[in-house]
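Please read them with the structure open.

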Amino acid sequence: MATNHQALWFPPLEECPERTALIDGETEVSYREVCTYSERLRGGLLNGEASLDGERVAFLYPASIEYVGLFIAVIAAGGLAVPLSVHAAPAELHHFLDTAGCRRLILADELRSDALDVVCADLSINLLSANELPHIAPAPPTLADDQRALMVFTSGTTGKPKGVVHTLASLRAQITSLIGAWGWSADDRIPLFLPLHHVHGIVNVLCCALWSGAAVSLFRRFDAQTIGHQVADGQFNVFMAVPTIYVKLIAYLDTLPAEDRGAITQGFRSMRLNVSGSAACPVSVFERWQELTHQPLLERYGMTELGMALSNPYRGERRPGHVGQPLPGVVIKRVDEAGNDITDSDVPGELAVKSSTSFYEYWERPDATEEAFDDGWFLTGDIAVIDDGYYRILGRASIDIIKSGGYKLSALEIEAALLEHPSISEVAVIGVPDNEWGEVVAAAVVANRDFDADAVSQWCVDKLSSYKVPRLWQITDALPRNAMGKVTKPDLRSWF
Ligand code: MLC
Ligand code: AMP
């Protein structure tokens with residue numbers, strides 16, 4: 001289906017032009033301004049052509065009007081938006097840009113570096129800022145439901161991160177499903193401090209808010225004091241974060257004198273919704289948050305490939321330690337290791353999902369895409385039971401997937417990077433439970449006597465995002481292995 005109606009993409013750009021869309025420090029930007037700016041960028045990207053025809057356009061901006069403008073413009077121009085992590089190491093950016101086959105990277109001046117120049121020279125990629133795009137009026141957009149619209153990278157159990165591709169239809173399904181389920185409206189005001197290279201920040205916060213005509217306050221990073229101050233001022237009525245952020249907020253509140261703490265907790269108390277997701281929210285965090293703010297956190301479960309799949313109810317009982325029920329349009333079953341359906345709710349099974357929100361493909365990885373599905377069911381790798389109608393996630397099928405602060409990390413990717421260090425001959429990486437981060441990255445290494453954990457961590461800067469670098473190290477003469485020679489990673493847990 002093709003249409004030239006711009007409203008197919010972001011309806012409020014035209015429907016509520018005078019409302020505030022973005023707040024960036026002292027600057028307020030209306031929907032009309034976002035519309036005008038993204039149209040200007042669309043014209044610049046197209047440069048006289050009718051469509052980008054699926055060109056992968058990478059951009060590297062912190063949360064800003066430029067990021068929002070580019071996100072809307074690339075897709076409206078018929079391109080595939082590839083938002084990159086502002087925390088990524090040069091080697092990771094090389095992998096993302098190379099995998100996506102980008103020809104241009106549009107980036108903030110402050111994120112330019114010599115290392116990035118080298119990466120882009122190697123891949124023959126043009127580097128330019130949004131302001132450098134030419135000023136050319138674009139032809140009316142032609143958007144198709146099956147257009148590949150967004151690529152975000154995700155770590156898996158094999159190899160380097162894969163590009164997860166969503167179409168316009170799967171993106172729209174994610175947005176409209178959450179707007180309905182969580183009661184979004186034009187009266188909403190939400191802070192956005194989550195990274196903008198993952199669906200939590202991009203879809204759940206930014207897209208849902210802008211699609212509803214709501215106001216989004218942009219922050220370069222999460223800072224409890226700054227956010228707390230604005231919450232106390234009554235600036236927001238919706239709040240979405242990963243569990244680590246609620247842990248950090250609780251710790252921050254505990255440091256404050258009663259009066260300041262009371263102002264912030266009152267700010268949260270008067271909101272209509274606080275959501276937690278991307279990792280398991282410990283029951284103790286749910287309970288402490290409720291004690292402090294009277295807000296029962298709405299915990300939901302999602303995945304880059306699926307958007308949101310399970311959610312506690314907006315109206316109704318929100319059960320701590322549980323992720324609720326399938327969202328509208330999502331069908332879920334649980335399967336055993338042989339792929340047989342499990343019907344007994346107490347028996348743990350892997351979640352398998354069919355949903356209109358589901359991704360289209362792993363970019364240029366038909367093998368991995370096919371393997372991810374069984375007869376049309378996407379296999380999540382997450383194990384769950386159902387308690388009295390509420391799903392409860394028990395953990396993951398693979399020990400090689402680590403969740404730290406809401407980031408999904410691949411132990412194998414970290415091991416491969418560490419093995420390049422001359423002092424390390426063998427390595428095994430696992431996630432170790434942690435109250436603040438959910439899990440922290442831990443590495444057991446067989447190393448020569450030159451090994452120095454601090455020096456290796458520093459050496460990782462060019463290769464891994466800092467949140468992937470091991471926080472815990474164990475040096476050993478030999479890793480535990482089974483008869484086949486495979487490292488028995490569960491045995492490592494007791495080492496840390
Ligand atoms: C930061 N650090 C981390 C980390 N984040 N370490 C381990 N795990 C993490 N996740 C480290 C930094 O490397 C740095 O180390 C130190 O902590 C302080 O960095 P910071 O940037 O100041 O930290 P902070 O701002 O406090 O970051 C914490 C955080 C961040 C929770 C705000 O991790 C974050 O934004 N997480 C959200 C991830 C997310 O959006 N996931 C959604 C995926 S989509 P040093 O050594 O340099 O000082 C998905 C689907 C779904 O999962 O269901 O939503
Ligand atoms: P990502 O690939 O970064 O999108 O991460 C998706 C993974 O995050 C899921 O497969 C789960 O393992 C985990 N996850 C997301 N939300 C929750 C939750 N509420 N509880 C437990 N795990 C979660």
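1. By class, how many nonpolar, polar and charged residues does the shell around ligand 1 have? The model is a predicted one. In it, the shell around ligand 1 has 10 nonpolar, 9 polar and 5 charged residues.

2. Which residues come nearest to ligand 1? The shell counts 24 residues, and Arg221, Ser278, Arg300, Ser404 and Ser466 come nearest. Several elements contribute. Helices α7 and α9 (243-255) each supply at least two residues of this shell, and so do strands β15 and β25 (401-404).

3. Polar contacts to ligand 1 deserve a look. The side chain of Ser466 places an N or O atom 2.5 Å from an oxygen atom of ligand 1. Ser278 has a polar side-chain atom 2.6 Å from a ligand 1 oxygen atom. For Arg471, the distance from a polar side-chain atom to an oxygen atom of ligand 1 is 3.4 Å. Ligand 1 taken alone exposes 1000 Å², and the protein buries 78% of that.

4. Now ligand 2. It is surrounded by 15 residues, with Arg300, Thr304, Asp382, Lys403 and Lys408 the closest. The shell around ligand 2 divides into 5 nonpolar, 4 polar and 6 charged residues. Which strand gives the most to this shell? Strand β15 (residues 298-303) does, with 5 residues.

5. The polar contacts of ligand 2 involve both side chain and backbone. A polar side-chain atom of Asp382 sits 2.5 Å from an oxygen atom of ligand 2. The side chain of Thr154 has an N or O atom 3.3 Å from a ligand 2 oxygen atom. From Ser278 the contact is through the backbone: an N or O atom there lies 3.3 Å from a nitrogen atom of ligand 2. On its own, ligand 2 exposes 500 Å², of which the protein buries 93%.

6. Where is Ser278 placed? Ser278 lies in the loop between β14 (273-276) and α11 (283-293). Its phi is near 90°, a positive value in a residue other than glycine.

7. Strand β15 supplies at least two residues of the ligand 1 shell.

8. His294 is located in the loop between α11 and β15.

9. What is the strand order of the open sheet that contains β15? This sheet of 5 strands runs β13-β14-β15-β16-β17, with mixed pairing. Its edge strands are β13 (238-241) and β17 (325-326), each of which pairs on one side only. Strand β16 (residues 307-311) pairs with β17 in the antiparallel sense over 2 bridges. Leu310 has Pro326 of β17 as its bridge partner.

10. Helix α7 (residues 199-212) lies across β13, β15 and β16. It runs at about 165° to β13. Helix α7 is also one of the elements that each supply at least two residues of the shell around ligand 1.

11. A further open sheet has 4 strands, in the order β3-β2-β12-β11, and its pairing is mixed. The edge strands here are β3 (27-30) and β11 (189-192), each pairing on one side only. From one strand to the next, the twist averages 20°.

12. In this sheet, are β11 and β12 parallel or antiparallel? Strands β11 and β12 (residues 215-218) pair in the parallel sense, over 4 bridges. Ile190 stands opposite Val216 in β12. Helix α2 (residues 31-46) packs on the sheet, where it touches β2 (20-24) and β3. The direction of α2 makes about 75° with that of β3.

Technical notes
Residues are numbered from 1 along each chain as its sequence is written. Chains are lettered from A and ligands numbered from 1 in the order in which they are written. This is a predicted model: local features need pLDDT of at least 70, side-chain atom pairs count only at pLDDT 80 or more; totals for chains, interfaces and linings use all residues. Side-chain values use heavy atoms; hydrogens and water are left out. A residue is near a molecule or strand if one of its heavy atoms lies within 4 Å of it. A polar contact is a pair of N or O atoms within 3.5 Å; within protein, one must be able to donate a hydrogen and the other to accept it, and residues adjacent in sequence count only if both atoms are side-chain atoms. Accessible areas come from the Shrake-Rupley method with a 1.4 Å probe; for residues, only the protein chains shown count as cover. Ala, Val, Leu, Ile, Met, Phe, Trp, Tyr, Cys and Pro count as nonpolar, Asp, Glu, Lys and Arg as charged, and the others, Gly among them, as polar. Two strands pair if DSSP finds at least two bridges between them. Contact means heavy atoms within 4.5 Å. Axes are lines fitted to C-alpha atoms, for helices over the stretch in contact, and angles run from 0 to 180 degrees between N-to-C directions.
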